[in-house]
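Please keep the sequence and the model in view while reading.

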Amino acid sequence: MIETTGRETTNSSSPTSTTPIQTPILKTYSNQDIGKGRGVYVSTYGCQMNVNDSERMYSLLEMANFTPVPTPEQASLIIINSCSVREKPVHKVYSEVGTFRKLREKNPDLKIGVGGCVGSQEKDNLVKKQPMIDFVFGTDTIDKLPEIIAKVYQSEGPTIDTQFAHRAPYYVETLIRNPGVSTFVNVTKGCDNFCTFCVVPYTRGREKSRPYTHVLKDVQELIQRGVKEITLLGQNVNSYESECGKDFADLLKGLAVETNIERIRYTTSHPKDFDEKLMDVMAQHQNKICEYIHLPVQSGSSRILHTMNRGYTREQYLEKIQKIKSIIPNVVLSTDIIVGFPGETEEDFQETVRLVQDVAYETIFAFKYSPRPFTKAARFEDQVPESVKERRLAELFEAHNKISFELAKQYEGQVLQVLVEDYSEERGNLHGRSTQNKNVYFLGPKDMVGQTVSVKITKAFPSTLRGEWIPT
Ligand code: 5AD
Ligand code: SF4
């Protein structure tokens, strides 16, 4: 077994260095003929960060002469890009690898790799328990994929490379094969917050920010390739801090003022880092920065927020929401919530329900607490029974459904600005998103893809809107 776990790649410049950026934005990626035209398929689950990472894997492997294919049956290289935030991700990986057994029988050349958060979390345990896995890589070794796979082809045993490059700066220009109208752009990675329920600090490592000039240059290049909307990505995107002292509000402003990007979104922000400067920049540049904020609260009980180590109370969160609403009156909010966190009483849970009603989120992403490896909360004694978690989750969704239905109805009759993202041949309709992040469907010519058009909403459903194009 080739084992590089535990070693660390280093780079002479520190991410907080104030010296000018000397490393060019374009790294030299491997363009060796490792794939010899073989098909590669990446199976992705998890957050937008994972979706973006999978696209990066395809791009890197295409440079190394692999051919992206749409199904695992057509592939000679299958990568499972996994997520370990909730549920039973390791079981999911094993069961997925099991489904590839028949493919391996038909194609002995087939190689199978596991990457992403489960790779970082489980390392060589994966190959010990499932010998069909040929290689494992982590969230910090994605750029080494061609090299890792070359080793797999040269050797008899599995290859494991999951080390974190803790001291290396975060240089990752966006690699995307066919950027559409809307594209993700990484700006921060990792997390130093250590919420007691969350595995991310262990699977994505320490928090780092990309240099300010790199992000701007990246976005300029994407614009030239036809991109109209970017979504800035990071586990904790609003704690962005560049090497030259720019914070997240400065980055948003810089993108709005110094580039011709039409729309800017971002996710996910942390309430404790959401300050008035950021609200002001959003308000001042509403022509470009969408008025949609995903602000995970996790719980409505200050006692639970404290044991979660979230760094704010219910009152402080609500105060920020009030400020946001006063500075950006047309803001649309969404959130993440965990029910059944250890020690959560019925009263704590009811505080969460009340908070959801008071804030009137358009969308909530709610989950049952699931103990994760390495995390503090997994060792808390007062775990909540599964049946209670299930009942609370259902109750929360029921309470929220009433709110979201009423909020959705308010869109009927309104004219929204919709950036058209795609056209469905099958249904003959266009799809795009409004600045509020609503999915809007309407009839119109295919060549409207990429344009921002006015659409009058005729019918609102809980998560989508139907409308009529208003030619201008
Ligand atoms: N159990 C349940 N939900 C979790 N999340 C993160 N960790 C856990 C966990 N252990 C949820 C949080 C976070 C979202 C991405 O996933 O709500 O904001
Ligand atoms: Fe996880 Fe908390 Fe970091 Fe979000 S802020 S990624 S929930 S540790």
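**A helix and a ligand site**

At 1.5 Å a residue, the 24 residues of helix 14 (residues 386–409) should span 34 Å, and the end C-alpha atoms are 35 Å apart, which agrees. The expected span is 1.5 Å times one less than the number of residues. This is a predicted model, in which local features need pLDDT of at least 70, side-chain atom pairs count only at pLDDT 80 or more, and totals for chains, interfaces and linings use all residues. Residues are numbered from 1 along each chain as its sequence is written, and side-chain values use heavy atoms, without hydrogens and water.

**Helix 14**

- Helices (H or I, at least four residues) and strands (E, at least two) are DSSP runs, numbered from the N terminus.

**Ligand 1**

- The residues that surround ligand 1 (a heavy atom within 4 Å) include Val85, Phe197, Ile338, Tyr369 and Arg372.
- The residues of this shell divide into 5 nonpolar, 2 polar and 4 charged.
- An N or O atom in the side chain of Arg86 is 2.6 Å from an oxygen atom of ligand 1.
- Gln298 places a polar side-chain atom 2.7 Å from an oxygen atom of ligand 1, and a polar side-chain atom of Asp336 also lies 2.7 Å from an oxygen atom of ligand 1.
- Strand 14 and strand 15 are the elements that give two or more residues to the shell around ligand 1.

How values were computed
Chains lettered and ligands numbered in written order. Polar contact = N/O pair within 3.5 Å; in protein donor to acceptor, adjacent residues only side chain to side chain. Nonpolar A, V, L, I, M, F, W, Y, C, P; charged D, E, K, R; others polar.
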